[in-house]
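Hello,

Here is the structure I promised to pass on to you. Have a look at it first, and then read my notes below.

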Amino acid sequence: MAGRRRVSRTSMAAACLLLASLTACGGQTAAGTARDQVQRLLDRRAAAVLHHDPAAFAATGTRAPYPDLKAVPFAAWSYRVTALRRTGEGAVADAELRYRVTGYDRAPVTAGRTLTLSTTAEGKWYVVSDRPAPKSAQQLWDQGPVSVVRGHSGIVLGVGQSDGTLRGYAGLADRAVPAVSDAWGTDWSRHVVVLVPKSLDGMAALLGSPASNYRGIAAVTTGEVSEAKWGSPRPKAGGGTGQAPADRIIVNPDAYGTLGPLGRQVVLTHETTHVATRAHTDPATPLWLSEGYADWVGYRNSGRTPDQVAPELQHAVTDGKVPAALPADRDFGFAGDATRLAQAYEGGWMACRLIADRWGEERLDDFYRAVGAHERRAGAVEDALRTVLGTTLEAFTGQWREYLRTQLG
């Protein structure tokens, strides 16, 4: 057309040749080609895990970590390459690992991984190493061979633990699950996954945090977004998400070993409660309710009296220092005063116990769900108190303070 420069096919071919080192005429970059090749390599690696094929896994590169994870029953395992950086003849890939344990996970666990890769003389990629990405937590098989024990209501995965020890945890889970269902109902998976690392350091590595953060913490319940901890003897913090992710109860064997039979059972039941209530626990749920309810379920059929379960709060009440308000979230900080922390958990437990005693256990469950139905904290408790219990926050706080006096004074 007049006024426009015509480009010949020869000129277009020359341009393609000129840019060949940077991009193909179809728009596919050399880096993109390598990334696609690595993705296909990791797809084969994932298929080898799912098909329990060690030879196929080894054909993709290093055998690690297959020997350490081969006992785990996976329903899904996949990698998604998110970035690829060339390093001479090799590359480093950032990848998202997603996996589910057969019969237990409704949603996948997601973990960041860093894979170092190299190429053969023929130019084929293979994996040199597969490790947690920076700032990502370890997976249990990163710590050694995983042993698996199944119970009626849960599966226990352990590293460096005897089968007898793992069976003990399975037994605790088998008692915890029906106890939680009896209190909360059956609208949850009614199965738990318990991870038992070799030590406190192993627990901390699974959580991607310093060991000092979990010293004295007997168990932690994790989801994709939040975690709830129970220490020895008091829990640290709690919470949940608006969905039901792949929860894990992670045990600190060092602290757990200091507990007696009742303490061990209460801890597992408490943590299992967090799993059951996860879908109804969100930012609207205050910690006094989420942790108090988990404590209430844990102690529900224990026969323990308020003065046995809430000794620190009893000391305060008998000294004339009845708390003026329900525990705030900041009172549950593990780094703060230990007495204040204990009183916060005991205060939450007493609040839930009050609701169960005065309005009934079903109303307590309804109240928990009603609070979690809100998207925001503001007004959630007040609205649930009004619609479920027919009271106000001011009136309920007054009843709670009087309940402390009569039960602990």
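In what order do the four strands of the open sheet lie, and is their pairing parallel or antiparallel? The order is β1-β2-β3-β4, and the pairing is antiparallel; two strands pair if DSSP finds at least two bridges between them. Strands (E, at least two residues) and helices (H or I, at least four) are DSSP runs, numbered from the N terminus.

A word on the source: this is a predicted model, where local features need pLDDT of at least 70 and side-chain atom pairs count only at pLDDT 80 or more, while totals for chains, interfaces and linings use all residues. Residues are numbered from 1 along each chain as its sequence is written, and side-chain values use heavy atoms, leaving out hydrogens and water.

Strand β3 (residues 109-119) is joined to β4 by seven bridges, and T119 has W125 of β4 as its bridge partner.

Now the helices. α5 (residues 163-184) has 22 residues and spans 31 Å from first to last C-alpha, close to the 32 Å expected at 1.5 Å a residue (1.5 Å times one less than the number of residues). After α5 comes G185, with a positive phi near 115 degrees.

Enjoy exploring!
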